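I opened this model to look up a few residues and their surroundings. My notes follow.

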Amino acid sequence: MGLKRQQMTALSGLMEARFMAGQGTLKQRLAEEARIAASIAEIEEARRKAMADATDPIHFSPSHARATNVWLRWTEARKAVLNRDLARARAASASARKALARSFGQMQASRDLARKL
């Protein structure tokens with residue numbers, strides 16, 4: 001095997017390793033995105049339940065209404081933070097997806113060049 005072919009085979013192996021690392025990165029980014037989205041869904045479900053409880057005459061009392069109001073304001077603030085984090089996570093996922101597509105193309109090109117030599 002010639003020197004150039006050995007170098008291209010080595011380069012092809014490096015590009016494949018880079019692609020596999022990119023797959024791992026994307027998987028982590030998508031998992032983080034899913035975790036944050038699940039947290040938002042949990043808060044929304046808890047808010048719906050609290051609102052349903054607040055309209056139930058059995059649970060009504062002035063102190064319960066105040067506590068529910070404070071808690072609902074806290075959930076709105078928490079949801080805003082989570083939405084910001086979700087936007088960042090989605091941007092990171094998009095960036096990782098773009099990098100993965102590029103590394104896939106480089107891996108394919110290096111394989112083709114290695115075969116041609």
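Entry 1. I started with R5, which counts as partly exposed at 32% relative accessibility (buried is under 20% relative accessible area, exposed over 50%, partly exposed in between, with a 1.4 Å probe and protein chains only). The model is predicted: local features need pLDDT of at least 70 and side-chain atom pairs pLDDT 80 or more, while totals for chains, interfaces and linings use all residues. Residues are numbered from 1 along each chain as its sequence is written, and side-chain values use heavy atoms, with hydrogens and water left out.

Entry 2. R5 lies in helix α1; helices are DSSP runs of H or I with at least four residues, numbered from the N terminus. Leaving aside neighbours within four places in sequence, I found R5 in contact (heavy atoms within 4.5 Å) with A114, R115 and L117. I also checked R5 against S61, 56 residues apart along the chain, and the C-alpha atoms are separated by 80 Å.

Entry 3. I searched the whole structure for aromatic pairs and got one. F19 and F104 form this pair, which is tilted, at 5.4 Å centre to centre and 50° between the planes. Rings of Phe, Tyr and Trp (its six-membered ring) pair if their centres lie within 6.5 Å; planes under 30 degrees apart count as stacked, over 60 as edge-to-face and the rest as tilted. F19 is in helix α1 (residues 3-55) and F104 in helix α2 (residues 62-116), so the pair ties together parts 85 residues apart in sequence. F19 is buried at 12%, whereas F104 is partly exposed at 40%.

Entry 4. I then looked up S103, in helix α2, and noted that S103 is buried, with a relative accessible area of 4%. Not counting residues up to four places away in sequence, S103 touches R18 and F19. The S103 side chain reaches the backbone oxygen of L100 at 3.0 Å.

Methods: Helices (H or I, at least four residues) and strands (E, at least two) are DSSP runs, numbered from the N terminus. A polar contact is a pair of N or O atoms within 3.5 Å; within protein, one must be able to donate a hydrogen and the other to accept it, and residues adjacent in sequence count only if both atoms are side-chain atoms.
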